Structure formats: C-alpha cells, structure tokens
Amino acid sequence: ALRRQRVEVNIELRKAKKYEQILKRRSISVSLVDVSPSPGEDHEIKMSLEEIAEAVNGSNEELQLLATQEVRRMLSRRNPPINQIIELGIVPRLVEFLSYYDNAPLQFEAAWALTNIASGTSDHTKAVVEGGAIPALVSLLSSPHMHISEQSVWAMGNIAGDGPLYRDALFRCNVIRPLLALVSPTTPIGFLRNITWTLSNLCRNKNPYPPLDAVKKILPVLLYLMEYEDKDITSDSCWAFSYLTDGPNDRIQIVLDTGILPRLVGLMVSPDLTIVTPALRAIGNVVTGTDEQTQAAIDAGVLTALPYLLHHVRPAIQKEAAWALSNIAAGPPQQIQQLITCGLLPPLVELLDKGDFTAQKEAVWVVANFTVGGTVEQVVELVQSGVLKPLLNLLSTNDSKIILLILDTISNLFLAAEKVGERDRLSLLVEELGGLEKIEALQNHDNNLVYQAALSVLDKYFS
Amino acid sequence: MFISDCRREFYDVIVSQRVLLLVASDVDALCACKILQALFQCDHVQYTLVPVSGWQELETAFLEHKDQFKYFVLINCGANVDLLEILQPEEDTFFFVCDSHRPINVVNVYNGTQIKLLVKQDDDLDVPAYDDIFRDEDDEEEDSENESDGSEPSEKRRRFEEDVIERTMKRRQRREWEARRREILFDYEQYEYHGTSSAMVMFDLAWIMSKDLNDMLWWAIVGLTDQWVQDKITQMKYVTDIGVLQRHVSRHNHRNEDEENSLSIDCMRIAFEYDLRLALYQHWSLYESLCNTSYTSATLKLWSVQGQKRLQEFLADMGLPLKQVKQKFNSMDMSLKENLREMIEESANKFGMKDLRVQTFSIHFGFKNKFSASDIVYATASLMENIEKEGPETTNFIKALDSLSRGNLDKLHQGLDLAKKQLRAIQQTVASCICTNLVISQGPFLYCSLMEGTPDVKLFSKPVSLCLLSKYLLKSFVCSTKNKRCKLLPLVMTAPMDVEQGTVIMVGIPPETESSDKK
C-alpha cells in the first residue's frame, strides 16, 4: 500500500476561518467605538495624521519621537489605521529610525509600529519590507537593549509569516546567527516565547521549503527549546517540527537525525491540546516517510501513544491519529505485526464503530492497507478482532471513495480466506453481519464504479 | 432606584397624570390600594385599577394598557424581578413599585430613570454595591488566538497597548471580579423574604402629606396583620411595626376626645389590644375558634381522641362549661367573658401554649361593630379567593376591596362566613391528612397531594388558601410525629387547580423551626 500525504485542504479552510474571525472582531468594535476623526482618545497628545507626517519627516528629534509614539499607539488599539499610516508614506522613514543608535526610544517605537503594520495583510507586510525593514531589523538583533531586540524578533516573525518569499529574504540577510545567539539560559521567558514563534515561522511554508542549511542551523536550538517546561514554547517548537517534517523524506531524515523523536512521541500524550496537535502532526508526517523512518517512530513508542489518541475527545485528533496509523499499516509485515502486538486492533475496531465520521474514513484506510500488506495470519487476526461488522456498516455511507475502498478491502479479505480454505466461512460471516444485503443494495448505486465493484464481489464470492 | 421623598418624587409626579394601578391579590395589597384610592379621590387623580394575580396577568395587563398610560403603580408585585426585561417598556414609561417582596432585583435598584421604588429606608435591604455587580464594558482585550484549541499559531501577531503581563493580570482580575460577583448575587438572591407592609408604606405617604385619616390607619393595621397571619415577617418585625402603628393610633384615637362621641354611628375608634390569637372568636363560638385555630389545634393535637380529651381538660381548667363555650361568643355569660383573656392565658401556659395572646388592634364603629384586625384579614382573603364566581373575573377582588370600607358591612359579614367555612375546611383537611398519613417524607422535603374529590378541595385551588392550609398542616404534622427530623423539612403541597384543564397548583413552604423569615 502507498503512504498518503496529509490533505492540505483543512489548513486552508482553517486559515480563512481565522482571518474571518479577526475581521469579525474588528467590525464589532467599530460599532462600539466612536468614529472620531482624531486618533488617541485617552491620552493628552492628539496629533492629526498630517502633523504626524510632518514631525516624522522633520529633523526635530523630540517631535520625531512623539509622532512615532503616536503612530505606535494608534496601531496598538482596536481598528489600527494601517492603510492610512502607509498612505502617509512614512514607512521608509520609520525604517530609517531603526538605525538611529543614539536614540533607543525612537528605535523601539519604530520597531513596534512596524511590527504592527507588518501584522496586517500581505500588502501591509509588503510595505514594510519594501521600506527596507529586513536588513535594519537584522541589525537590531544585536542591540544592547533587550526590549529592542525582542521587538525586532517580533517584527521579523510577522515578515516571515507572510510567506516563503519574505522568509527566505530574511535568511538571505543572515538572520540566523544573530537570532539564534539570543537564545541562552538567561533569556527571559517572554523573549524566548517570541523567538520560538519567529523560528517556527522561519520553518514554515512550502514552495519552496526553507533552505536546508538554515534548517540545519535552527534544529539544535529547537531541540534546546523543546526541553523548556513552558506550554507556549513547547507548542510553537512542536509546530516548527511539524513544518520541518512536512516534506520529502530527506527533510524527514534531517529531523530524525536530531534524535527528537522520543520527545515528540512523549508529547503526543500531553493533556494539553496545544501540544498534542502539533506533536501528533509531526509524528504523522514522519510515518509518511520510508519504512526505516516509520520504524524509528515505532521504536520511539508511537504505537503505545496512538491508542489514547484514537479515542481522544476531539474528532480532529482522532482523525489524525487514524491517518498516522493507516500509514504505519501500509508498511511491511513486521510493522503490521508490531501494530497487532501493541494492541492497536481493539481501539481500531472501536473507532471504526463509534468514532467521528472523518476518523472512521481514516480507519477504513487502516484496514485497507492492513489487508494489502499483511500476511494471511495477520489478516485472519484482523478479522477475528471484530473489524468486519463496523466495516460493513460503513457501506451505508454517502462517500463513494470509501465504499470502493471497503469493497476492495473485502476482496482482499476473501483472497486471504481462500488461501486458508475459509472462503465459505467468510461468506457466511459477511451474510450474517448484514453485509450481503448492503452489497446487494449497492447494485443500485448511482456511481458506476461502485456498482461494478459490488457486482464483482457478489459474482466472485456470493453466487 | 429608591425614592427618598415619597411626596415629591412619587405623589406630586402622578397627581396630575393618568395612572394605571396594578394590584396583587393579597390583603396587604388591597389595603395599600384602599389608602391610595382614598388619596386619589381627594385630589381627583385619574386612575384605572387592574387586579393581577400572577406574572402572566401582570404582563398581559401591561401590554393591554401600555399605549394609554405612561405611569404605572405596582402594588405588591414587581420588585423582585427585572421589570424592564420582562415588560420591555418604552423609555418614557415610569414604574412606581410599592412591594414588600424581597430581595429587590438589582436592576430595579440601579435603574435611575424608569423604576422608582417606594421602600422604607430602614427595611434591611443589603443591596450589593454597584461596582460589585456592574461593570462598564471597557475595551475587551483581544484574546490571543489559540487559547485552548489546537489550531496552528497565527502567521502574524500584532502587539497591543498593554504589556502582555498587564493583559494577563487584567484578565485574571476580571475573572476574580466575576467570581466575586457571582457569590455576591447568589448570597443576595438565595432567600426570599418580605419587607414592610405596602399598606404601611402608603399610610406613611398619607401621613407625610398630612392627609392621613383613621380609616387609612386601620387599613395599614390590616395590611400588617395580613403579613403576620401569612407568616411573612419575623416576630420581631411585627412587634416593631405594631409599635410604629400604635403611635399613630394614639394620635388619632385620644381617649378623652372620644368619650363624647363614642356612641356615634359615624365615628370609629381603633384600640390597641393584647388579644387572644383565636381566629374569629368574637364572631363564632369560643369552642369553634379553639378547634379551628391552627395554634391551638396543633398544640392540643385535636385530630386525635386524646386531643379532644385534652381540650375538655383545658376548658375545665378554666372553669368554662362546655355548653357556654359552644354558644356564640356574644351570647356567653358576661361573668365568663370578664377576664377571659387572662384566664385563658394562664391555663394555656399549663397546656404548652405560651403564645396564646398577641399584640394587635381592634376597630369599633356604630353600636355593636367590633372587629379584630385578624378578623378582617381572614374575611377579606376569603372574599378575594371565593370560588363562587358571581360575575366577571375581577368581581371577587372588587368585592373584597369594597368590604374594607366601613359602609359595606354586609360584604364584611359575608366574608366572615366564608372565612369560617374555610378555617373549618382547613382543620378538617389537616386532620384527615394526618390521620390517613397523607404527608409523605420525600427525603429532603415533605410532600402532600390533595386529590380531586377530597372534600372542600375546591377551596384550595387558590394560592393564599392553599398556603394557609400548608402552613397549618405542617405545624400540625410536626406536632403529630415523634420524628424530630420533620421539624427541619420544608413542605410541598399540591391541589387540583382547574379540573377541566387538569392543572395543579403547587406550594412550597419552609420548615417549622425556621425563626428567620428568609425562605
């Protein structure tokens, strides 16, 4: 059987939904807040946009700072007027302020303002990048002021998060060394969280994947961060690993070579959903790799962890756990045997019977792959575990692909049965479980392939 | 919001307006209504009176009249619910609420424009502070995404005004405040109780305006007595309020002045009495009254044979021959009626009845009209809940209201007759329930259900009657059983309400030993 890559569709949907939510939140606040022409409702200084532009472009240092601070405040509240700020044309000037080493407050305010501009849409981030921010921000990583270097890290996280283009622009600007140098045992936890998040964005996105040499430099630091007892750091680090394992086998190998696998498997059973999700994702990615890579995951204990996840309260987790299991079941008989030995059959049957529908579909794949790659004895054990009943029940689904998969699986079961002379017994069993009825009913199915597959099964094994 | 100057903030406001009076169905409310109507009559205030016996009727009445009235006066209803929420009135509608129900809903307390509460300041209210329960919606910090779900970290993050730490603090503070708020509101709202009688509040208003008359004072007395009869206030509050009214009684009813007019038919006199708490005894026979007053009936356990024996002993102890005692009270020998109260009290003490006398008032007018305040309470309540329907729905309410006026003696006497029937029915039902073990212990509470076909069960299809029955039943039941635990249990009673519709009326009352009035 072939291992299957994870379907990307859900991520796109999830991204769109979150953006929607953010938009929704903004539109609610519009009705609550007075649309007043002057920004800044609760402090003394009120500057108009024109005044701000004048001050920023001028040479009076005090005014520059005041204006930049004002901009930062405007961008830090509800409904930040990002477009208006960009239209003022002051973004390049703000970038310039980043290099005013004798005016730390100004550097800080500018960095914060630019962070918030870059947090908007792609066009907003573009304005910041095209203003020349990247090299300036990289330089700021070496600032003697921690709050300034931290702000720079944050801004870079936003830029990297925009997409592979700007991510790689950061790499080309040599962001790695100064960024990683900021991680030390004395770094405050808040700062570490920011760094971890930015690193995760630097590992993120495909087309293209992050450059290998950069990844190789980041990995040791990620390992270090994974040891931290902090929810946010652990979660973001796991996400980074999930991104890095989401690729061709050579990428998976680089990650495996760090020895992180046992730690990741351990995190799969964390009580914290924000940690379980990325850890499971990463491991799921690993077992889409070669048999050896899958074996490494098995050796690290993934088969002990999976049963918990197969009946996790969240359907999404059930589904990904089943998907991972289906890829393990696509391996050689030795791995299928380990699947049996580690007691994965009972939870599998339960999932097939009562799990969330999206998870049930993946469970069908597990069974299907099992019947393709397993030995006759293993297939017999599979049938003895009670998998047939829920499997046949799923024939009443609307999903034609799944129906075809099930019919295919049934054929495989019969092939195995024939080898041990139990063909008739299997037919009887299928009939007793109501399966024959269901398959007969499929002759009336709209889908031609389904109809033909059903017919074929009936012909061969039930006539 | 509480009104501090009843005259200026209430009466002066409505005196020139058309007002809708929504009056609840209890005797205290009727008395308050009478006082207000008397004031309205003096000042020619235009008003419409609508009796309401429950929330549904209140809502319906409001909806029907909201287009014609902007000023509503609610008597003994509305204080303990969020009126604005329930009625959804327009902004230019005003509600004056004179209601003894407590606790007062916090929204009513803090609404500054539309809800005006006519409540005495010394009523113990314990209203929570504004800041403890209301919070102006300030900027909601935008939550960081991925709080507890497993979705991917955001690609971009904006940095907000407050520092992250400050933000977490704010969130924590908010959660603490909300937890404290829940506790405060729970404590405030968990027990129901009653404040000062609405009739007394109305009398107070009349007094402030120097328009108080003896008749109004009498209604205030009846209102207070109604609260006592129905067990709505503590003994202490009752005694305190009696003291308040006594001062007014002295003022209105100087003995010296009345010597000349004491026989005048139009004149009425109120007198303080330390009277027997035997229901209707002056309009009945002493014997009947002893049998049908729950205090005596329960203590002597008159539903049993031994109880009957005890009653004979009690009468013998007082030297009262049975024949005399069974006659109408007025026909009893004068020699026996002299010192009757002291005699009964002395004997009662021996038989375990230490509270057979109670502070109250009586009214005298005309030649032979003498009534105790509790007489009026029972009579009026019986008229109000009379199951014989003699016309449209509100007829009984109006008749009960009318009976409070001295000129309507015939209605008052009808009420007294009905009251006697009711009290007898109550005692018989109580006796039957106890003797046939109809009171069941359901674990955390006692339960008794009256079936269709039970004699007089129709009388108990009304709330005040059923409540009275329940209280008397519980009192008697506690005396009847050796099980000490019963003293701690509340009682739930049901009776058929409308046989055709198959509805049932249900009442729950607090345990016997509760000395607090909080339910």
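How many salt bridges does the structure hold over all chains? The structure holds 30 of them, a salt bridge being a side-chain nitrogen of Lys or Arg within 4 Å of a carboxyl oxygen of Asp or Glu. This is a predicted model, in which local features need pLDDT of at least 70, side-chain atom pairs count only at pLDDT 80 or more, and totals for chains, interfaces and linings use all residues. Residues are numbered from 1 along each chain as its sequence is written, chains are lettered from A and ligands numbered from 1 in the order in which they are written, and side-chain values use heavy atoms, with hydrogens and water left out.

We begin with chain B. Asp5(B) forms a salt bridge with Arg8(B), and their closest N and O atoms are 3.4 Å apart. Asp5(B) counts as partly exposed because its relative accessibility is 24%, whereas Arg8(B) is exposed, with a relative accessible area of 60%. Here buried means under 20% relative accessible area, exposed means over 50%, and partly exposed lies in between (1.4 Å probe, protein chains only).

Another salt bridge joins Arg406(B) to Asp215(B), with 3.0 Å between the closest N and O atoms. This pair links distant parts of the chain, 191 residues apart: Arg406(B) lies in the loop between α19 (395-403) and α20 (409-435), and Asp215(B) lies in helix α9 (residues 214-229). Helices (H or I, at least four residues) and strands (E, at least two) are DSSP runs, numbered from the N terminus. Arg406(B) is partly exposed, at 26% relative accessible area, and Asp215(B) is partly exposed at 23%.

Arg341(B) and Asp275(B) also form a salt bridge, their closest N and O atoms being 3.3 Å apart. Arg341(B) belongs to helix α17 (residues 340-350) and Asp275(B) to strand β8 (residues 268-276), so that the pair links parts of the chain 66 residues apart. Both Arg341(B) and Asp275(B) are buried. Through shared partners, salt bridges join Glu273(B), Asp275(B), Arg341(B) and Lys370(B) into one network.

Val244(B) lies in helix α10 (residues 235-252) and is partly exposed, with a relative accessible area of 23%. Val244(B) and Met200(B) are 44 residues apart in sequence, and their C-alpha atoms are 9.6 Å apart in space.

In chain A, Glu431(A) lies in helix α27. Glu431(A) counts as partly exposed because its relative accessibility is 45%.
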